[in-house]
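Please read these notes with the model open beside them.

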Amino acid sequence: MNSSMTKALLALLLALRQLQIPLTSEEKEALKTVAAQLALDRDDWEWIEQGLRAVVQGNTELKRYFEFFQARLEKVEQIPTEVLPSWEELERELPTTPTSETFAIDEEELDFASNETLNATTRILSAVDPIQTTKQFLALQRLEGFLGKSDNLPAGELPKPYPDLPSLASEEPTDERLRVGETIFTEIKGATQKTPTTSRYFNTYLCKPDRPTVILNNEPLIQGQTYILHIDISPERKGTDETNVPFPDEAIAQIWEKEETLSVDVVVSSHDFIVPWQVKKLKLPRQGTSEGIGFMVIPKLGSGRGLLQVELFYRGYLLQAKQVEAIIISHQGAEVPGSMLPIQRTRVTFTTTDQLTTEQLKLTPERFLTIDVERNQRDGSIDFRFLDRTQGNQELAFYDTILQPAALGKAVAGVRKQLNLAAREGYEWVDKGEMDLLNNWLPRFAQVGRYLYRAILPQNQGNPASDDQGEKLPATLEPGITIQVNPIIGQVTIPWALLYERNVKYESGKTRVCEYFLTSKEDCLTCPHADDDYIVCPYSFWGYRYAIEQLPCWVTGELPQPTALVKKIANDQPLLLNFNVWENFSLWRDHLLGLQAAGQIQVLIASKIAKLEQLWRDRTTLDLVYFYCHGGIDEIFEQPYLEISDGRIDSNFLEASQLKWSHNPLVFLNGCATGDYTPESYMSLIDDFRVAGACGVIGTECPVPEMFAESYAAALLPRLFKGEPLGQAMLRVRQELLREKLNPLGLVYSLYAAHEIVLSHAVGLIN
């Protein structure tokens with residue numbers, strides 16, 4: 001019989017494989033401690049088990065899966081030796097290195113099976129990422145398959161789901177419970193085929209066209225000469241990558257179906273190199289090394305450090321991005337200044353851990369337009385790269401736009417200034433507007449939104465080799481699609497909702513809003529004013545036409561590597577809502593009563609800093625952190641802050657609080673000036689909240705009057721409580737406030753999270 005210790009350790013490893021939420025640094029350290037105790041004093045299992053269960057009990061998701069697998073293992077009298085990890089598998093898949101934290105186990109004192117189980121456990125719990133390590137360990141996939149077959153089903157048939165799968169909400173079966181069960185055993189059913197057993201890497205390296213050997217790291221490139229940028233995905237690391245971030249195989253593990261290869265789009269762009277063909281396809285096999293593809297690149301920079309951006313997309317989803325740097329000299333033998341070393345270097349700048357499944361791809365809006373925004377670290381310019389898939393995968397179009405910070409800042413400042421004026425002078429004391437008021441302000445929004453659109457979009461300035469200079473893009477983007485924005489390096493925030501697609505001629509009193517928008521759909525094909533530039537169509541604003549997600553998945557030195565893209569808030573019932581308020585607001589009590597009446601909500605109010613600190617210290621499983629308060633920019637440091645009744649919350653405050661929110665809550669910044677920042681400063685609070693564990697942030701682009709802030713949240717949050725995806729809810733609320741209240745301020749709110757982000761368990765009341 002297998003010992004209870006062996007079964008408990010196996011249950012732990014199987015549970016770790018299922019986790020979607022990364023472990024905290026404290027949890028990883030606690031698991032390392034368990035590994036050390038197992039290696040040094042395995043005879044005292046009762047004492048070690050107490051520490052292990054303390055870690056498990058502190059993580060709701062881990063606890064559910066651990067108890068589930070432990071109950072399943074306890075029903076098995078004897079696990080066959082061939083199902084358990086073998087010594088050969090340990091040495092091949094979990095090898096020890098001189099620098100790894102592993103612990104030797106005396107083989108003579110343990111039975112064979114327990115020995116391998118203990119060794120596997122100590123190596124996995126000591127790994128940098130225990131979750132990822134379990135997903136790559138083949139023996140655990142085999143054990144999952146064995147457990148699936150232990151229910152006396154016909155050969156090859158797995159239960160789907162197990163009847164005793166732990167419910168995430170209640171003891172009654174739910175759709176969510178069935179979905180989780182199907183996810184677990186879909187992975188088990190095809191695990192040995194679909195999941196690579198080792199990490200793979202997105203490799204980029206430069207070669208000369210006449211020989212395939214890699215250009216040495218200390219060899220500069222010469223202006224005007226032709227080189228080949230070679231790209232592949234392989235278990236072997238190649239090139240000069242400094243970041244050591246694996247290719248996100250887990251993100252696409254469930255979408256193989258019957259295919260042996262996936263078609264991945266590779267895009268190469270640069271302002272320092274001529275790249276004649278910017279988009280190619282790479283055939284990615286299930287496992288092992290992909291075929292290699294090459295891009296011709298010709299340095300055009302006279303001298304200095306040249307940059308190449310390389311990005312991988314699957315169906316418009318950005319999987320990973322890299323920046324390749326190389327010193328360029330004017331001629332052979334030219335000296336390279338010592339200050340410019342190293343000659344070559346490469347690093348991952350973006351990676352996603354978002355898992356794509358076939359069902360998700362069927363239900364999720366495909367990203368037909370993907371925009372990457374990056375600040376050039378050399379000259380500070382802003383680079384916008386557009387992958388347009390509106391014509392399908394066979395007709396990819398790539399556009400590139402460069403803006404200097406002053407030009408972008410001027411366009412963004414114009415938009416925010418107009419929003420400020422409307423909020424302060426037009427709608428400060430108005431919740432429901434009138435057509436005269438809308439005709440006064442929405443044309444002004446169109447005027448500044450058109451300037452911003454022309455500055456950013458690649459119309460008439462796309463790839464000169466392409467017949468399409470960007471003019472086809474507005475005509476082919478369908479209403480309701482999701483536009484994905486990826487800030488890559490030097491995070492930049494843009495009021496995307498205010499971009500205006502149509503031509504506009506603004507004249508005060510003459511330019512007006514189309515009267516048909518109240519009854520027409522977003523795509524009015526028979527619009528009688530289509531050619532009248534003095535008529536403003538509300539549905540030509542991106543914010544009224546598309547759902548826009550800004551994904552905070554960039555790779556920087558300040559954030560965890562890589563930051564996970566969370567699409568579900570792991571809430572229980574009731575939902576825990578931390579309500580942080582500036583008490584001098586007049587509507588907050590009525591607003592709070594309305595939220596409480598909207599569903600099963602437990603509200604934790606903080607109007608003072610001391611109360612806020614206590615809540616954040618004692619309640620790590622918050623689901624929604626809501627700031628209904630003031631905000632602004634510090635006069636001295638020019639850094640953003642939030643302000644409740646007796647103090648400010650800024651970046652230093654958040655860092656010192658050492659927050660670890662295990663439920664990945666959504667943070668909602670709803671108040672006066674909480675989004676009225678420059679592109680350089682707004683992201684700092686988002687970074688701080690994401691380090692704390694937040695799944696995303698809703699922010700505003702200008703100071704919002706309390707009357708509208710309350711009205712907007714009262715319309716948006718009940719939708720979220722009922723289980724509606726957040727991006728869709730924000731689009732619908734903007735449209736409803738425009739149609740029903742003639743109020744355009746819904747354009748002020750921006751989403752810094754995945755479009756599909758949703759509650760694990762709906763808590764809203766159904767009317």
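1. Where is the place of Glu-583? Glu-583 sits in the loop between strand E20 (575-581) and helix H16 (588-596); helices (H or I, at least four residues) and strands (E, at least two) are DSSP runs, numbered from the N terminus. This is a predicted model, in which local features need pLDDT of at least 70 and side-chain atom pairs count only at pLDDT 80 or more, while totals for chains, interfaces and linings use all residues. Residues are numbered from 1 along each chain as its sequence is written, and side-chain values use heavy atoms, with hydrogens and water left out.

2. Glu-583 is partly exposed, at 32% relative accessible area (buried means under 20%, exposed over 50%, partly exposed in between, with a 1.4 Å probe and protein chains only). Leaving aside residues up to four places away in sequence, Glu-583 touches Trp-588, Ser-607, Lys-608 and Ser-645, where contact means heavy atoms within 4.5 Å.

3. The protein has 21 helices and 29 strands. Of its 767 residues, 59% count as buried. Among contacts between residues at least 6 apart in sequence, 77% join residues at least 24 apart.

4. The largest nonpolar core has 121 residues, and Trp-496, Trp-542, Phe-689 and Phe-721 have the most contacts inside it. Such a core is a set of buried Ala, Val, Leu, Ile, Met, Phe, Trp, Tyr and Cys residues joined through side-chain atoms within 4.5 Å. Helix H13 (residues 435-456) gives the most to this core, with 10 residues. Apart from it lies another core of 43 residues, among them Leu-52 and Leu-140.

5. Helix H12 (residues 405-426) packs against H13 at about 170°, with the axes 9 Å apart. Axes are lines fitted to C-alpha atoms, for helices over the stretch in contact, and angles run from 0 to 180 degrees between N-to-C directions. H12 is therefore roughly antiparallel to H13, a label for angles over 145 degrees. The contact includes Leu-408 and Val-415 of H12 and Trp-441 and Phe-445 of H13.

6. The structure holds zero disulfides, a disulfide being a pair of cysteine sulfur atoms within 2.5 Å. The sulfur of Cys-514 has its closest cysteine sulfur in Cys-527, at 4.8 Å, which is too far for a bond. Cys-514 is buried, at 7% relative accessibility, and Cys-695 is buried as well, at 1%.

Methods
Angles under 35 degrees count as roughly parallel, over 145 as roughly antiparallel, 65 to 115 as roughly perpendicular and the rest as oblique.
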